[in-house]
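This briefing concerns a predicted model. Please consult the sequence and structure shown below before reading the points that follow.

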Amino acid sequence: QNPTFFTLWIGNNDVLGFATSGGVGEDQTGNLDPSTYGSSDITDPQVFASVYSEIVGQLVADDAEGVLINIPPVTAIPFLNTVPPNAIPLDAATAGMLNAQFQAYNEQVLPGLALAGIIDQDEAQARQISFSEGQNFVILHDEDLTDISMILQSRFNLSPEMAQLLGQLRQATSEDLIPLPVSSILGTTVNDDPTQIIGVSVPLGDEHVLTPAEQEMVQAATAAYNQVIQSVAQQHGLALLDTHTLLSGLAENGIPYEGGTLTADFGTGGVFSLDGVHLTPRGNALVADRLIEVIENTYGANLPEVDLGNYATVTPSND
């Protein structure tokens, strides 16, 4: 098309698929062969840099000007921040029954494994399971924990099924992120068995939780990509729109506009659609408004302002 001016906002999916899948993919940092990547993998930053630089190089080949847009903080989107990790309500009797079931595990098994040097004291503490009356943190399998399933069978004569259940078990903390679709299964039973409650007696799987370790992978890759984007913008004298800072501020403090305040809240914040990932028309208008500022500041343009209130968003009445 030989444009004279362009905006380029790509690269989100190089981390988004990993994040929204609960980290079931692989962090491919260090793997320079993208033909081996899965759809939920994190792209190696060197591969990202090579492809991104080539794309921009083609766009500016005929002296086009433009704006590069960096990668927002995908761990801050409503898809990962709407379902609380302490989503399970329990009465006192049920909590007491569950604590009794885990008593030997908490007081004997975990201290014994720590004493034997199989796990350290910090991991033993992190694996403690405790319930109380009120809202409770879900239980989950964490693939970053030591797999103690075989040891539980050999040392404590647990059944293979019970050993597998406890092998990489821990209780969620406030640092864990639960993907939005998990809300439809939390607290439900498996095969109508009242003793098999997802999140209580049946742990969430890897695809149901983005753990702190997985969040660090996403954030490290995002930072690396954004450094590439900034460097390419400087290399070619292009403008840069920092959506990472923009949407971080949205999530932390909200953004005021003439009609109120925009936030990253699911359904009511005005910026994100009901899938918890993509922007509403008003959210896109927010980005367009900041794009206009960047274009004006960098290229001396004079463009019309964007009235965010004129653009639709999610409302209770769907109007």
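Glu26, Asp27, Glu143 and Asp144 form a negative surface patch. Patch members have over 30% relative accessible area and no salt bridge, and like charges are joined within 9 Å. Residues are numbered from 1 along each chain as its sequence is written, and side-chain values use heavy atoms, with hydrogens and water left out. In this predicted model, local features need pLDDT of at least 70 and side-chain atom pairs count only at pLDDT 80 or more, whereas totals for chains, interfaces and linings use all residues.

**Aspartate 27**
- Aspartate 27 is placed in the loop between helix 1 (13-20) and helix 2 (45-59); helices are DSSP runs (H or I) of at least four residues and strands (E) of at least two, numbered from the N terminus.
- Aspartate 27 counts as partly exposed because its relative accessibility is 31%; buried means under 20%, exposed over 50% and partly exposed in between, with a 1.4 Å probe and protein chains only.

**Valine 190**
- Valine 190 belongs to strand 7 (residues 189-190) and is partly exposed, at a relative accessible area of 29%.
- Beyond its neighbours within four places in sequence, valine 190 is in contact with Gln196, Ile198 and Val202, contact meaning heavy atoms within 4.5 Å.
- The C-alpha atoms of valine 190 and valine 202 are 8.4 Å apart, and the two residues are 12 residues apart in sequence.

**Threonine 280**
- Threonine 280 lies in the loop between strand 11 (260-262) and helix 9 (281-299).
- With 4% relative accessibility, threonine 280 counts as buried.
- Residues up to four places away in sequence aside, threonine 280 touches Gly270, Val271, Phe272, Ser273, Ala312, Thr313 and Val314.

Definitions and conventions: Patch = residues over 30% accessible without salt bridge, like charges linked within 9 Å, V, L, I, M, F, W, Y side chains within 5 Å. Areas by Shrake-Rupley, 256 points an atom, 1.4 Å probe, with all protein chains shown as cover. Salt bridge = Lys/Arg side-chain N within 4 Å of Asp/Glu carboxyl O. Lys, Arg positive; Asp, Glu negative; His and termini not counted. Charge placed at Lys NZ, Arg CZ, Asp CG, Glu CD.
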